Amino acid sequence: MRPLIAGNWKMNGRTDWTDRPVAFDSLLPSRERTSVEILICPPFTLISNLVEAAKGTDIQIGAQNCHANEAGAHTGEISAEMLADLGAAYIIVGHSERRAAGESSDDVSLKAQAAFRAGLTPIICVGETLEEREAGSAKEIVSAQISGSIPENPNKFVIAYEPVWAIGTGRVAEVGDIAQMHEHIREQVGPAVRLLYGGSVKPGNAGDILATPNVNGALIGGASLKAEDLAAIARQAL
Ligand code: PEP
């Protein structure tokens, strides 16, 4: 399965970051370009600029969220169709920072459905908190999030396993724990779904993580802000 290296810029970046995908692309030798799928998910405000800037490169651009509806009286929201119109290819849905703000798996499922409706691929994020892991219920929590977040009759989707306690903290899950969780998720979703790991992935730990069975790529926050780091991670995805 072709690995997917996806950068989540979160709420970072201004228009003077528009050249970063091109800088990143130029750091990748041609082998990585064809063997690894690369995605950058900037804030909504930069999608248009980055889609334009990434033309002629192998970098795809995605979004970090969408509304479940196509259009209507939803002040401040953005639909999957609007993102498709801008040239986005993927939408991250159910990131733990959004779940923490009140998004339920039902909401995530509706957003994933919206992505399908607009012809985009959702990256459905799941992951347990530290308390849930320490209580021994990590697998149960993740399974429930997955079954609640995948719409009925889904099109192509990606799952990102991101233990909440590893996101933006510098703490990385043990490779053995990642292997166990990814095997568990694989049993639930089958062989065709790409499974990403996310949580403080950096150039120094990416090699071991990406070599773990059933890990088909990574979702990267902090390290995706630097073109050199993202390229160094992508090089280890082969
Ligand atoms: C993320 O935002 O999905 C993430 C994994 O962040 P970080 O790599 O900074 O932990």
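Which residues does tyrosine 197 touch, leaving out those up to four places away in sequence?

Modeller: Happy to, and please keep in mind that this is a predicted model. Leaving out residues up to four places away in sequence, tyrosine 197 touches Tyr161, Pro163, Ala166, Val172, Ala173, Ile178, His182, Ile209, Val215, Gly217, Ala218 and Leu219. Tyrosine 197 also belongs to the largest nonpolar core, which has 62 residues. Within that core, Tyr197 is one of those that touch the most other members, along with Ile5, Phe24, Ile91, Ile159 and Ile185. There is also a second, separate core of twelve residues, with Ala6, Leu39, Cys41 and Cys125 among them.

Glycine 199 sits in the loop that runs between β7 (194-198) and α10 (203-210). Its relative accessible area is 4%, so glycine 199 counts as buried, the cut-off being under 20%. Beyond four places in sequence, glycine 199 touches Glu162, Ala166, Ile167, Arg171, Val172 and Leu219. Ala166, Val172 and Leu219 are contacts of tyrosine 197 as well. Threonine 169 is 30 residues from glycine 199 in sequence, while their C-alpha atoms are 7.9 Å apart in space.

Serine 200 has a backbone N or O atom 2.8 Å from an oxygen atom of the ligand. On the side-chain part, an N or O atom of lysine 10 lies 2.7 Å from a ligand oxygen, and for histidine 95 the corresponding distance is 2.9 Å. On its own, the ligand has 290 Å² of accessible area, and the protein covers 97% of that. Around the ligand there are 14 residues, the closest being Lys10, Glu162, Gly168, Ser200 and Gly221. Glu162 is also a contact of glycine 199. By type, the shell consists of four nonpolar, eight polar and two charged residues.

One more loop deserves a visit. Histidine 67 is found between β3 (59-63) and α4 (80-86). With a relative accessible area of 17%, histidine 67 falls under the 20% cut-off and is therefore buried. The side chains of histidine 67 and histidine 74 make a polar contact at 3.5 Å. Not counting residues up to four places away in sequence, histidine 67 touches His74, Glu77, Ile78, Ser79, Ala80 and Ala114.

Conventions
Residues are numbered from 1 along each chain as its sequence is written. This is a predicted model: local features need pLDDT of at least 70, side-chain atom pairs count only at pLDDT 80 or more; totals for chains, interfaces and linings use all residues. Side-chain values use heavy atoms; hydrogens and water are left out. Helices (H or I, at least four residues) and strands (E, at least two) are DSSP runs, numbered from the N terminus. Buried means under 20% relative accessible area, exposed over 50%, partly exposed in between (1.4 Å probe, protein chains only). A polar contact is a pair of N or O atoms within 3.5 Å; within protein, one must be able to donate a hydrogen and the other to accept it, and residues adjacent in sequence count only if both atoms are side-chain atoms. Contact means heavy atoms within 4.5 Å. A residue is near a molecule or strand if one of its heavy atoms lies within 4 Å of it. Accessible areas come from the Shrake-Rupley method with a 1.4 Å probe; for residues, only the protein chains shown count as cover. Ala, Val, Leu, Ile, Met, Phe, Trp, Tyr, Cys and Pro count as nonpolar, Asp, Glu, Lys and Arg as charged, and the others, Gly among them, as polar. A nonpolar core is a set of buried Ala, Val, Leu, Ile, Met, Phe, Trp, Tyr and Cys residues joined through side-chain atoms within 4.5 Å.
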